[in-house]
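Student: I would like to go through this protein with you, from its overall layout down to single residues. Can we take it question by question?

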Amino acid sequence: MQRSILDIIHKQLELTFRNHVFSFFYFTQYALPYLKKGASINNTMSVTAYQRNKDLIDYSAIKGAIVASTRSLSLALVEQRIRVNGIVLGSIGTPLIRASCLAEEVATFGKKLSHVPMNSI
């Protein structure tokens, strides 16, 4: 995690896209011939694709790419009657969150979110 776009080196950006975006494409290409009418592809998304985060520029880019690809793939597979869904799990205290937040932000992570029922983060 880099706090400035100037600190994101080529290797980091390529690795981030390779792990998240390329794997999405390759897995879909591999699985598609085996999917029958009525099948469903479910992609895990992130709130980062929809909410800005100044410290997660490369991560935001890959999550946006997955959202856009999921939307396009859903249209491309309509005739085959294969659903493509994007699932946003919400704010989860992952290692990336802990690494990208200050200690006081980690301690209160999710507590200020009015859309989280029962403070379940």
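Predicted model: local features only at pLDDT ≥ 70, side-chain atom pairs only at ≥ 80, totals over all residues.

Tutor: Residues are numbered from 1 along each chain as its sequence is written, and side-chain values use heavy atoms, with hydrogens and water left out.

Student: In what order do the elements of the protein run from the N terminus on?

Tutor: Helices (H or I, at least four residues) and strands (E, at least two) are DSSP runs, numbered from the N terminus. The protein has 4 helices and 2 strands. Their order from the N terminus is α-β-α-β-α-α.

Student: Which hand does the β-α-β crossover have?

Tutor: Strands β1 (residues 40-45) and β2 pair in the parallel sense over 6 bridges; two strands pair if DSSP finds at least two bridges between them. The chain passes from β1 through α2 to β2. A crossover takes its hand from a view with the strands pointing away from the viewer: a clockwise path from the first strand over the helix to the second is right-handed. For this crossover the hand is right-handed.

Student: Which residue in β2 stands opposite I41?

Tutor: β1 and β2 are paired in the parallel sense. The residue of β2 opposite I41 is V84.

Student: What percentage of the residues of the protein count as buried?

Tutor: Buried means under 20% relative accessible area, exposed over 50%, and partly exposed in between (1.4 Å probe, protein chains only). The protein has 121 residues. The share of them that counts as buried is 28%.

Student: Is T16 buried or exposed?

Tutor: T16 lies in helix α1 (residues 10-31). Leaving aside neighbours within four places in sequence, T16 is in contact (heavy atoms within 4.5 Å) with V21, D58 and I62. Its relative accessibility is 14%, so T16 counts as buried.

Student: Which residue's backbone oxygen does the side chain of T16 reach?

Tutor: The side chain of T16 comes to 2.8 Å from a backbone oxygen. That oxygen belongs to Q12.

Student: Which residues does S60 contact, leaving aside its neighbours within four places in sequence?

Tutor: S60 is in helix α2. With a relative accessible area of 19%, S60 is buried. Its contacts beyond those neighbours are T48 and N53.

Student: Why is the pair of F24 and F25 called edge-to-face?

Tutor: Rings of Phe, Tyr and Trp (its six-membered ring) pair if their centres lie within 6.5 Å; planes under 30 degrees apart count as stacked, over 60 as edge-to-face and the rest as tilted. By this rule the count is 3 aromatic pairs. The ring centres of F24 and F25 are 5.3 Å apart, and the pair is edge-to-face because the planes stand at 85 degrees.

Student: What is the angle between the planes of Y30 and Y34?

Tutor: The rings of Y30 and Y34 form a tilted pair, 5.8 Å centre to centre. Y30 is exposed at 59% relative accessibility, and Y34 is exposed at 59%. The angle between the planes is 45 degrees.

Student: Where is R81, the residue with a positive phi?

Tutor: Phi of R81 is near 60 degrees, a positive value in a residue other than glycine. R81 is exposed, with a relative accessible area of 54%. Its place is in the loop between α2 (57-76) and β2 (83-88).

Methods:
Polar contact = N/O pair within 3.5 Å; in protein donor to acceptor, adjacent residues only side chain to side chain.
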